[in-house]
Amino acid sequence: MDAILSVGDLVGYGPSPREVLDLVHEAGIIAVRGRHDEACAGLLEPTFFTESGRRAALWTRAILARQDRSFLRSLPLTRDLEGCSLAYSTYAQPGETRTITTLRDAEPSLKAIPYRVAFVGQTHV
């Protein structure tokens, strides 16, 4: 295995977010930032999350150290690697909060991705 890739939402779901981020650093995981990462880093308020998702994000934000939140803020929304691309949600408009549920939803991103291989989070097709 050459690399471990993550398409976002590293934290905001489970009971051990600091340990997850330690593992990301130790293993050299290549990641992009997801919406839960943004909420936990304080980049957005989780008002549109489910009630349990909102509570989890706010709890995670409260227990993360400043450097953990800074690391999450530093993650890009898209990343191009040798031969593949990573994105959270939409590659065509990375800052847009969007759930991809149909091929029509995915078309703009599919056209914008520079490689034939892409790993994209927040897709529900």
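Q: What makes two strands a pair?
A: Two strands pair if DSSP finds at least two bridges between them. Keep that cut-off in mind for this predicted model.

Q: How do you know that β4 and strand β5 (residues 118–121) pair?
A: Count the bridges. There are four between β4 and β5. The cut-off is at least two, so β4 and β5 count as a pair. They run in the parallel sense. One place to look is Ser-85, which stands opposite Ala-118 in β5.

Q: What links strand β3 (residues 78–81) to β4, and in which sense do they run?
A: Four bridges join β3 and β4, and the strands are antiparallel. Again the cut-off is at least two bridges, so β3 and β4 also pair. Asp-80 has Ser-85 as its bridge partner in β4. Arg-79 stands opposite Leu-86 in β4.

Q: How many residues lie between β3 and β4 in their hairpin?
A: Two residues separate the strands. Gly-83 sits in this turn, with a positive phi of about 90°.

Q: Why is strand β4 (residues 84–88) called largely enclosed?
A: Five of its five residues are buried, so the rest of the structure largely encloses β4. Both faces are covered. Cys-84, Leu-86 and Tyr-88 are buried on one side, and Ser-85 and Ala-87 on the other.

Q: Why is Ile-30 called partly exposed?
A: Its relative accessible area is 21%. Buried needs under 20%, and exposed needs over 50%. A value of 21% falls in between, so Ile-30 is partly exposed. Ile-30 belongs to strand β2 (residues 30–31).

Q: What does Ile-30 contact, leaving aside neighbours within four places in sequence?
A: Its contacts are Ala-3, Ile-4, Leu-5, Ser-6, Arg-79, Leu-81 and Leu-86. Contact means heavy atoms within 4.5 Å.

Q: Which residues of helix α5 (residues 103–112) are buried?
A: Asp-105, Ala-106 and Ser-109 are buried.

Q: How do you know that they share a side of α5?
A: Their arc around the axis is only 80°, which puts them on the same side of α5. On the other side, Leu-103, Arg-104, Leu-110 and Lys-111 are exposed.

Q: What makes a set of residues a nonpolar core?
A: The residues must be buried, of nonpolar kinds such as Leu, Val, Phe and Cys, and joined through side-chain atoms within 4.5 Å. The largest such core here has 16 residues. Among those with the most contacts inside it are Leu-10, Val-11, Leu-21, Cys-40 and Phe-71. Two or more residues come from each of α1 (17–27), α2 (35–41) and α4 (66–74). The largest share, three residues, is from α2.

Q: Which residues does Leu-75 touch, not counting those up to four places away in sequence?
A: Leu-75 touches Leu-10, Ala-31, Val-32 and Arg-33. Leu-75 is also one of the core residues with the most contacts inside the core.

Q: What lines the largest pocket?
A: The lining has 15 residues. Tyr-13, His-36, Phe-48, Phe-49 and Thr-50 lie nearest the centre. The pocket's volume is about 220 Å³. Both α2 and α3 (51–63) give two or more residues to the lining. With three residues, α3 gives the most.

How values were computed:
Residues are numbered from 1 along each chain as its sequence is written. This is a predicted model: local features need pLDDT of at least 70, side-chain atom pairs count only at pLDDT 80 or more; totals for chains, interfaces and linings use all residues. Side-chain values use heavy atoms; hydrogens and water are left out. Buried means under 20% relative accessible area, exposed over 50%, partly exposed in between (1.4 Å probe, protein chains only). The arc is that of the directions from the helix axis to the C-beta atoms. On a 1 Å grid over the protein atoms alone, a cavity is a set of points where a 1.4 Å probe fits but cannot get out, and a pocket is an open set with protein on both sides within 12 Å along at least five of seven lines; lining residues have an atom within 4 Å of a point. Grid points are joined across faces, edges and corners, and a volume is the space filled by probe spheres set on the points.
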